[in-house]
Amino acid sequence: MTAENGGTRLNKFISETGICSRREADRLIEQRQVTVNGQVAGMGVKVTSADKITINGKPLRAKPQPVYLVYNKPIGITCTTDQAIPGNIVDAVNYKARIFPIGRLDKPSSGLILLTNDGDIVNKILRAGNAHEKEYIVSVDKAITDDFVARMAAGVPILDTVTKPCKVRKIGPKTFNIILTQGLNRQIRRMAEYLGFQVTSLKRIRIMNIALGELKVGQWRELSPRELGVINAMVEGSSKTEEASRLDVPKAARKGPRVGQDGRGKAATPGARSTRPDREKANTGGKRSGAGRRGR
């Protein structure tokens, strides 16, 4: 075991291997099922990769390589890691290892969402003070007016607060582009409803420097090293878990999935992938067409 001023807290170290959440790691430690270098571990101890850690007598496996995926979520897919819920995003993506979404995209919405196994970057991205941009294309049930655009951009009172000023641009009779820097629950839909409009479709096309591009509905791809480098630069200095926004951080990022809720799927290589292995490959240079229905 390391000194208290060095290393990583044991519960965090265990959760980062992907076998359980920090809360469940705490329970294992409390039940004296965890040893470090042959000694029963106590709460709060810090460890490094040089320490020999066992759980129920079995060696703790190494921390997995970080995974960062870009997914074009269909309408109907729920951004939850609970595989007991039909249409959950874990089954839809069908990745070979445990992953969870960064933020959320409502079930009736579609478009870009990021998934990862890196809890620290999740919270850095989502922390409210970071003000990272998210861009959407939205259609409503009636003609958009200049007043609607101005009021949406200025801020709308919802959920006991007023939304932050944002960028809104009319791009069609009933369609607009909006760029937000916050993530309140069903924010765009609530804003539109306050002004007397109903959202009929909502698609996210960008998060920070990551654009949806030509990725087809239901497909995913791995984040490129260049894209990841830009994200890391953008979140440099951001606070992590303790100061993360509770409004937009999914349970999976705060607690981690339960033991046994690992993502399922075959080994993958970079590139867009099908969310269902039984679908035929589309003629898209190796990419597969995905299936599923979902949105925001």
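Analyst: Helices (H or I, at least four residues) and strands (E, at least two) are DSSP runs, numbered from the N terminus. The model is predicted, so local features need pLDDT of at least 70 and side-chain atom pairs count only at pLDDT 80 or more, while totals for chains, interfaces and linings use all residues. Residues are numbered from 1 along each chain as its sequence is written, and side-chain values use heavy atoms, with hydrogens and water left out.

User: How many of the seven residues of E10 are buried?
Analyst: Strand E10 is largely enclosed by the rest of the structure.

User: In E15, which residue is the bridge partner of Ile137?
Analyst: Two strands pair if DSSP finds at least two bridges between them. E10 and E15 run antiparallel and are joined by seven bridges. In E15, Ile137 has as its partner Lys203.

User: Of the 37 residues in the largest nonpolar core, which touch the most other members?
Analyst: A nonpolar core is a set of buried Ala, Val, Leu, Ile, Met, Phe, Trp, Tyr and Cys residues joined through side-chain atoms within 4.5 Å. In the largest one, the members touching the most others are Tyr71, Ile89, Val93, Phe176 and Ile178.

User: Which element gives the most to this core?
Analyst: The elements that give two or more residues include strand E10 (134–140), strand E14 (175–180), strand E15 (199–207) and helix H3 (89–93). With four residues, the element that gives the most is H3.

User: Which residues of H4 are buried?
Analyst: Helix H4 (residues 119–126) is largely enclosed by the rest of the structure, because six of its eight residues are buried. By name, they are Asp120, Ile121, Val122, Asn123, Ile125 and Leu126.

User: Which elements give two or more residues to the lining of the largest cavity?
Analyst: On a 1 Å grid over the protein atoms alone, a cavity is a set of points where a 1.4 Å probe fits but cannot get out, and lining residues have an atom within 4 Å of a point. Grid points are joined across faces, edges and corners, and a volume is the space filled by probe spheres set on the points. The largest cavity has a volume of about 40 Å³, and its lining includes Tyr68, Leu114, Ile121 and Ile125. Two or more lining residues come from each of E7, E9 and H4.

User: Is Thr35 buried or exposed, and what is its relative accessible area?
Analyst: Thr35 sits in strand E2, opposite Val40 in E3. Beyond its neighbours within four places in sequence, Thr35 has contacts (heavy atoms within 4.5 Å) that include Val40, Ala41 and Lys52. Thr35 is buried, because its relative accessible area is 18%.

User: Which residue's side chain does a polar contact of 2.3 Å join to that of Thr35?
Analyst: A polar contact is a pair of N or O atoms within 3.5 Å; within protein, one must be able to donate a hydrogen and the other to accept it, and residues adjacent in sequence count only if both atoms are side-chain atoms. At 2.3 Å, the side chain of Thr35 makes such a contact with that of Thr54.

Notes
Buried means under 20% relative accessible area, exposed over 50%, partly exposed in between (1.4 Å probe, protein chains only). On a 1 Å grid over the protein atoms alone, a cavity is a set of points where a 1.4 Å probe fits but cannot get out, and a pocket is an open set with protein on both sides within 12 Å along at least five of seven lines; lining residues have an atom within 4 Å of a point.
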